[in-house]
Amino acid sequence: MSTPLDYSGSERARRVQSMFTQIARRYDLMNRIMTAGQDVRWRREVIQRAQLEPGDSLLDLGAGTGDLAREALRQQPASRPIAADFTLEMMRAGQNHGPLDWSAADALRLPFPDAAFNAVVSGFLMRNVTDVQRALDEQYRVLKPGGRIVILDTTRPRPNLLSPFIWLHLHFVIPLLGALLTGQREAYTYLPESTEGFLRAEELVARMAAAGFKKVSFRVKMFGTVAIHWGVK
Ligand SMILES: C[S@@+](CC[C@H](N)C(=O)[O-])C[C@H]1O[C@@H](n2cnc3c(N)ncnc32)[C@H](O)[C@@H]1O
């Protein structure tokens with residue numbers, strides 16, 4: 001069984017796209033079950049940290065079905081979110097949940113001018129991109145000076161007493177649930193593998209700083225398996 005991690009560059013990106021195309025219809029349900037509904041709270045915190053004022057523009061990058069953009073409208077109805085993704089089927093699945101402005105966009109080549117947004121947020125995108133630094137550079141470019149970046153993603157947990165249980169959950173429970181609910185075991189084998197292959201929370205801080213972000217910090221959630229990072233341009 002191969003996952004996108006068996007490939008590199010544009011072929012890996014194509015595999016990621018095709019994987020999300022396959023799971024698009026069941027994606028939201030699987031998220032709620034896998035995180036026991038906690039993802040809703042994390043999304044709330046992401047948007048709080050984006051500190052939206054009335055009229056502010058927000059880019060929800062790798063928006064998938066658009067949950068973060070919708071949460072932005074819930075918290076700040078006078079904000080102007082754009083939900084952007086490179087998988088059409090994910091955005092199509094999100095269109096059933098209410099109106100939003102959508103854009104087709106590759107995180108490595110954003111189709112937006114410099115300094116276009118007051119905030120850029122992403123949920124579970126960054127571990128999927130083939131070039132993390134370039135994706136951060138692009139987010140920096142499209143932010144206005146003083147604009148906020150907030151990143152929600154899984155992260156490699158530090159070894160602790162719960163490590164064996166976390167490992168079992170990631171490598172057996174999640175792929176099994178994924179297979180049952182979406183019929184796509186591969187996508188939910190990719191989830192723990194891409195988490196383990198991703199940067200540690202402290203390493204992502206260093207990359208954000210290298211892109212130019214200031215006041216970079218993070219908090220971990222769910223026994224250290226999920227992190228929210230933030231910073232300012
Ligand atoms: C795990 S889903 C997250 C969806 C949503 N943000 C959420 O919080 O549930 C990852 C999304 O990132 C998108 N994605 C991955 N690589 C991308 C890229 N290079 N450019 C744009 N979107 C990308 C995928 O199409 C997918 O919809």
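This is a predicted model: local features need pLDDT of at least 70, side-chain atom pairs count only at pLDDT 80 or more; totals for chains, interfaces and linings use all residues.
User: Which residues come nearest to the ligand?

Analyst: The shell holds 23 residues, and G62, G64, T87, A107 and G123 come nearest. By residue class, the shell divides into 13 nonpolar, seven polar and three charged.

User: How many residues are in the largest nonpolar core, and which touch the most other members?

Analyst: A nonpolar core is a set of buried residues joined through C-beta atoms within 7 Å. In this model the largest one has 59 residues, and V46, A50, L58, L59, V120, V121 and V150 touch the most other members. Strand β5 (residues 143-154) contributes the largest share of this core, five residues.

User: What does V120 touch beyond its sequence neighbours?

Analyst: Leaving out residues up to four places away in sequence, V120 touches L59, L61, Q139, V142, L143 and I149.

User: Is P81 buried or exposed?

Analyst: A residue counts as buried if 20 or more other C-beta atoms lie within 10 Å of its own. P81 is buried because 27 other C-beta atoms lie within 10 Å. P81 sits in strand β2 (residues 80-85).

User: Which residues does P81 touch?

Analyst: With residues up to four places away in sequence not counted, P81 touches L58, D60, A69, A72, L73, L100 and D101. As for L68, it is 13 residues from P81 in sequence and 9.0 Å from P81 in space, C-alpha to C-alpha.

Conventions
Residues are numbered from 1 along each chain as its sequence is written. A residue is near a molecule or strand if its C-beta atom, placed from the backbone, lies within 6 Å of it. Ala, Val, Leu, Ile, Met, Phe, Trp, Tyr, Cys and Pro count as nonpolar, Asp, Glu, Lys and Arg as charged, and the others, Gly among them, as polar. A residue is buried if 20 or more other C-beta atoms lie within 10 Å of its own, exposed if 12 or fewer, and partly exposed in between; C-beta atoms are placed from the backbone. Helices (H or I, at least four residues) and strands (E, at least two) are DSSP runs, numbered from the N terminus. Two residues are in contact if their C-beta atoms, placed from the backbone, lie within 7 Å.
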